Amino acid sequence: MLKNCNSADAPPKISSPKPSSLKHGGRLNQAVKQYALEHNQVENNDSWLDLSTGINPNGWPVPTLPENSYNRLPEDDDGLVETACEYYQTQKILPVAGSQEAIQLLPFIFQHYQLLPDQAKVGIISPCYAEHEFQWRKNNFTIVHLNTQNITQHIDNLDVLLVINPNNPTGELISKKNLQKWLLKLRQKNAYLIIDEAFMDSIAEQSLIQKESPENLIVLRSVGKFFGLAGVRCGFVIAPEKILNLLHYHQGPWSVSGPARWVVKHALADQSWIKSNKSMLEQSATRLENTLRKHLTNDLATFNISGTVLYQTLYIDTAEQLFEQLCQQKILVRLLDKSCHCDSCLSQSKHPHATHQGLRFGLPKNHLQWQHLESALTNIFSAHF
């Protein structure tokens, strides 16, 4: 017999954990609403230029999908795995609902199955994509903030070393030689190397993916950035079979939707588009860097620019002011968090803005968007920002 939910036999209420307060790029609707409210303006997304993500604005051209991709449950033997193995040059791979699913599940699996020693330490190069640290902390692991210069002196005390390569947001690329040296050092003490290669597609020769994954290497890949398919929520994990099996068990059935599987399978196989896209992104990245440098005159402030083919990050001591100026010109970029723990920033903790306070600029999509950016920067810097 059904029981009244208000009866004494009703289950106790359980308080929900607070949602993550981490900020990400791409929330244009939210940013425009907030800006309109603060400045007593009419909300209008159409006139804004969103450069807040590192997503390819001219992604793989998705055709009309076959009807059965929508009205049938996804099939594991649809050819996606084989196509992905060919593209990433490996033998074992697991599709996931974006690399974010793996970022969330991996710390849980390591904790739940006690794959690491008690009080395990996870080394993370800082600054980087903040979800990594958030998920490991959520599972009660100790975080050690590192940079590429001090990894060697700390690696003996680590149980996991986690790097983003190329790094987001700095664009720093760690050499394969150093990664292989760290991998070997970690293997000697049964520790793991986890590499997030979300921005690796343009320089695939630098990937540490191997035909047969070493027992302590886990690599995450994404189709959201280079292929511009962030909305399909599909990524891949290349790892030892034990890790892949645990991930597959905990992700549940149909983690990646049928339409997503169809789109990604065909995108990974489109060699002609992949080749032309690499060339286009290289040209666009050079243009973006040159555009930023053109408007940064010596009498403004000290600055530095770094990045990948999908974004350029501008480190400048007036980042917050420039962010506001860009919003006034209806351009949204990514204002980097101040909570960087690298040695450089910690040494400047008494200063109002640390080294890694900056702005990340994604690529404009077309001629009109490039004009919008050029015009905005001209207006800002001609007013002696």
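How many bridges join β9 to β10? Six bridges join these two strands, which run antiparallel, and they form a hairpin with two residues between them. The structure is a predicted model, in which local features need pLDDT of at least 70 and side-chain atom pairs count only at pLDDT 80 or more, while totals for chains, interfaces and linings use all residues. Residues are numbered from 1 along each chain as its sequence is written, and side-chain values use heavy atoms, with hydrogens and water left out. The names of the elements follow DSSP runs, numbered from the N terminus, where a helix is a run of H or I of at least four residues and a strand is a run of E of at least two. Two strands are said to pair if DSSP finds at least two bridges between them.

Contact here means heavy atoms within 4.5 Å, while axes are lines fitted to C-alpha atoms, for helices over the stretch in contact, and angles run from 0 to 180 degrees between N-to-C directions.

Strand β10 can be followed residue by residue. β10 is mostly covered, since six of its six residues are buried, where buried means under 20% relative accessible area, exposed means over 50%, and partly exposed lies in between (1.4 Å probe, protein chains only). Tyr 311, Thr 313 and Tyr 315 point one way from β10, whereas Gln 312, Leu 314 and Ile 316 point the other way.

A second open sheet has seven strands in the order β2-β8-β7-β6-β5-β3-β4, and its pairing is mixed. The edge strands of this sheet are β2 (94–96) and β4 (142–146), each pairing on one side only, and neighbouring strands are turned by 20 degrees against each other on average, direction ignored. Within the sheet, five bridges join strand β5 (residues 160–164) to strand β6 (residues 192–196), and these two run parallel. Leu 161 stands opposite Leu 193 in β6. Helix α3 (residues 80–88) packs on the sheet, touching β2, β7 (217–222) and β8 (235–238), and its direction makes about 70 degrees with that of β8.

Val 81 has its place in helix α3. Leaving aside its neighbours within four places in sequence, Val 81 is in contact with Ile 93 and Pro 95. Val 81 counts as partly exposed because its relative accessibility is 24%.

On a 1 Å grid over the protein atoms alone, a cavity is a set of points where a 1.4 Å probe fits but cannot get out, and lining residues have an atom within 4 Å of a point. Grid points are joined across faces, edges and corners, and a volume is the space filled by probe spheres set on the points. By this rule the count comes to one cavity of 30 Å³ or more, and the largest cavity has a volume of about 30 Å³. Its lining includes His 132, Trp 136, Leu 162 and Ile 194. The largest share of that lining, four residues, comes from α4.

Some features of the backbone remain. Most residues other than glycine have a negative phi, and most peptide bonds are trans. The peptide bond from Ser 126 to Pro 127 is cis, with omega near 0 degrees, and Pro 127 is found in the loop between β3 (121–125) and α5. Another cis peptide bond joins Asn 168 and Pro 169, with omega of about 25 degrees. Arg 233, although not a glycine, has a positive phi of about 55 degrees, and this residue lies in the loop between β7 and β8. Trp 254 also has a positive phi of about 55 degrees, and because its relative accessibility is 51%, Trp 254 counts as exposed.

How values were computed:
On a 1 Å grid over the protein atoms alone, a cavity is a set of points where a 1.4 Å probe fits but cannot get out, and a pocket is an open set with protein on both sides within 12 Å along at least five of seven lines; lining residues have an atom within 4 Å of a point.
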